[in-house]
Amino acid sequence: MEELRLVCDREIPIQQQRIDAATRSFKKSLDSTKAQAQETLQLQSKLGKLKVELRELEDKLVKALAVKTRKEAKQIAVADSISATKDKVEELRGIVENQRARKDEYAAIISQQADELKACEEKHNQTAEQREEIEEAIAWYNKVLGLRIECGHGVKFIFTNIDANNQDKEYFFTVRHGNDVYTLIECDPQLNDAKELLRELNTSNGLFKFVRTMREKFQAAVTHGTFPDIASRDQDTFMISVSAPVSSISTDSRSEFLSQQQEHQSDEHNRNSKKLDRAKGSRAALLSPGSASSLRRSPRFKVKR
């Protein structure tokens, strides 16, 4: 027992030391665990803060990406707009060049039209002067030579100053042209040589010569009293189918006839001077041989062809 007690006494300090060592080790371990736990808590707190910051950063990143996307889309739209604007500018430049070309073309056309208009105005003025001269010539023929022309179903030539005993008596004939053929529609009074004269007219197309000859025939018939009988007057229409080189008889024929007859009015005046002397009155100066001669020499009665 004594030995056991001694052994126990010897073991007790050793075990006490071991226990103290274990206690110190446990305390150290506990202190270390506490420190680690505190550190873990701190790290967890930091981790939570970092997570919050991370979420904020993620939100900011999403917003930044959205802004970037919008900016990129806007840049793309601006680029497309610039490209479209460039295309539009090129198109407008082409349109401007085309408009300039058309402007030059229109300017040339306007200039040409202005020249043509000026020429037409000059021609119109000349035509007006010519018409005035023709009207004066017609008036002169009506007053001096007793010739009047009417247009209707043909061209009707009416003569006065034929019969010295009745200068107002009318002698007339009507000529119509159709299908290249002259037709004597009526002739009052009838002339014996009318058919032959009409045949010659269709052959030569000498309308002025035909009119002058018909007047001479009227004068000769009045002078010699050689008008045909009443039975022959029933034949009012003569038609000779001979081709004529002119296309139609119209008011232009009257102008052409007057312009031609003015060249021969000297002979007509000489043949009618005696008759004109009887018609002198308030128009004596106009109907006198001197006045008629001056009218023939006046440039206003030279009708342009």
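The protein contains eight helices and five strands in this predicted model. From the N terminus on, these elements follow the order α-β-β-β-β-α-α-α-β-α-α-α-α. Of the 305 residues of the protein, 25% count as buried. Among contacts in the protein with a separation of 6 or more, 61% are accounted for by residues 24 or more positions apart.

Strand β1, residues 147-152, pairs with β2 in the antiparallel sense, and six bridges link the two. Within this pair, Ile149 is placed opposite Phe157 of β2. The two strands make up a hairpin, with one residue between β1 and β2.

Strand β2 spans residues 154-159 and also pairs with β3, again in the antiparallel sense, over five bridges. Lys156 stands opposite Thr174 of β3 in this pairing. The loop between β2 and β3 holds Asn161. The phi of Asn161 is near 60°, which is a positive value in a residue other than glycine. Most residues other than glycine have a negative phi. Asn161 has a relative accessible area of 10% and is therefore buried, the cut-off being under 20%.

Strand β3 covers residues 171-178, and six of its eight residues are buried, so the strand is largely enclosed by the rest of the structure. On β4, which comprises residues 181-188, β3 has an antiparallel partner joined to it by seven bridges. Phe172 has Asp188 of β4 as its bridge partner. The hairpin formed by β3 and β4 has two residues between the strands. Asn179 is located in the loop between β3 and β4. Although Asn179 is not a glycine, its phi is positive, at about 55°. Asn179 is exposed because its relative accessible area of 76% lies over the 50% cut-off.

The peptide bond from Asp188 to Pro189 is cis, and its omega is near -5°. In general, most peptide bonds are trans. Pro189 belongs to the loop between β4 and α2.

Helix α2, made up of residues 194-204, packs against helix α3, made up of residues 207-224. The axes of α2 and α3 are 9 Å apart and meet at an angle of about 165°. An angle over 145 degrees counts as roughly antiparallel, and α2 and α3 are therefore roughly antiparallel to each other. The crossing of α2 past α3 is right-handed. On the α2 side, the contact is made by Leu197, Leu198, Glu200 and Leu201. On the α3 side, Leu207, Lys209, Phe210, Thr213, Met214 and Lys217 take part. By type, the residues in the contact of α2 with α3 comprise six nonpolar, one polar and three charged.

Notes. Residues numbered from 1 in each chain as written. Predicted model: local features only at pLDDT ≥ 70, side-chain atom pairs only at ≥ 80, totals over all residues. Heavy atoms only, no water. Axes fitted to C-alpha atoms, helices over the stretch in contact; angles between N-to-C directions. Helix = DSSP H or I, 4+ residues; strand = E, 2+ residues; numbered from the N terminus. Parallel < 35°, antiparallel > 145°, perpendicular 65-115°, else oblique. Left-handed = near helix turned anticlockwise from the far one by under 90°. Contact = heavy atoms within 4.5 Å. Nonpolar A, V, L, I, M, F, W, Y, C, P; charged D, E, K, R; others polar. Buried < 20%, exposed > 50% of the residue type's maximum accessible area, 1.4 Å probe, protein only. Pairing = 2+ DSSP bridges.
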